[in-house]
Amino acid sequence: MATILTQAPALAELAERLAQCDRIGLDTEFMRVRTFLPELALIQLRVDGESLLVDPVALPQLAPLSAPLRQDAPLKLMHSASEDLLALAPVAGGALRGLFDTQVAAAFAGLGAGIGYQRLVQEMQGGIAFLHACGRWQIVARMQHGQHAQRRHLVHGVALRGGQ
């Protein structure tokens, strides 16, 4: 099960932990309804075997994550990161560094451009162990009456599946 971070001291502790890690799994959930840029709704991390969820609604000041996102280390393992990068840019205050996008790597390996994460794992049949180790989550949010009105409550309406 994942730990949800909603308090500033926990976020500061996370930032310190990230400075000590070699690699992390990183993903976001965001709203893209009636907005030019994606509105960050959830940051999902896999850090040292632990699944962590950062609630940007409860923690509107995400500045402690800025430095770890802009540094080469830890290596940030992501899949299909293009929109995640847009959502994380205001948090980072600049370009993310130390990024490894598994979708881009799969394209270079000849597995096809734009391959989805689930299909990539099926194609590899466990051949790339770090894909499972970084803990890609499937988030199922039950949102009614339009996504734009539900951003505030996304974390509380989330069902987590997967992990390792």
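**A cavity and a neighbouring topic**

Author: Let's start with a lining: the second largest cavity has 8 nonpolar residues around it, with no polar and no charged ones. Keep in mind that this is a predicted model. The residues in that lining are Leu18, Ile24, Leu26, Ile43, Leu45, Leu65, Leu69 and Leu88. Two elements, S2 and strand S3 (39-47), each give two or more residues to it. As for its volume, this cavity comes to about 50 Å³, and the count of cavities of 30 Å³ or more is 2.

Now let's stay with strand S2, which covers residues 23-31 and includes Thr28. Is Thr28 buried or exposed? Its relative accessible area is 3%, and the cut-off for buried is under 20%, so Thr28 counts as buried. Its side chain also has a partner: a polar contact of 2.3 Å links it to the side chain of Asp84. Setting aside neighbours within four places in sequence, Thr28 touches Leu40, Leu42, Gln44, Asp84, Ala87 and Leu88.

Zooming out, the chain has 6 helices and 8 strands, and it runs β-α-β-β-β-α-β-α-β-α-α-α-β-β along the sequence. It has 164 residues, and 39% of them count as buried. Among contacts with a separation of 6 or more, 57% are between residues 24 or more positions apart. Finally, the chain exposes about 9,000 Å², with carbon and sulfur atoms supplying 51% of that.

Terms used:
Residues are numbered from 1 along each chain as its sequence is written. This is a predicted model: local features need pLDDT of at least 70, side-chain atom pairs count only at pLDDT 80 or more; totals for chains, interfaces and linings use all residues. Side-chain values use heavy atoms; hydrogens and water are left out. Helices (H or I, at least four residues) and strands (E, at least two) are DSSP runs, numbered from the N terminus. Buried means under 20% relative accessible area, exposed over 50%, partly exposed in between (1.4 Å probe, protein chains only). A polar contact is a pair of N or O atoms within 3.5 Å; within protein, one must be able to donate a hydrogen and the other to accept it, and residues adjacent in sequence count only if both atoms are side-chain atoms. Contact means heavy atoms within 4.5 Å. On a 1 Å grid over the protein atoms alone, a cavity is a set of points where a 1.4 Å probe fits but cannot get out, and a pocket is an open set with protein on both sides within 12 Å along at least five of seven lines; lining residues have an atom within 4 Å of a point. Grid points are joined across faces, edges and corners, and a volume is the space filled by probe spheres set on the points. Ala, Val, Leu, Ile, Met, Phe, Trp, Tyr, Cys and Pro count as nonpolar, Asp, Glu, Lys and Arg as charged, and the others, Gly among them, as polar. Accessible areas come from the Shrake-Rupley method with a 1.4 Å probe; for residues, only the protein chains shown count as cover.
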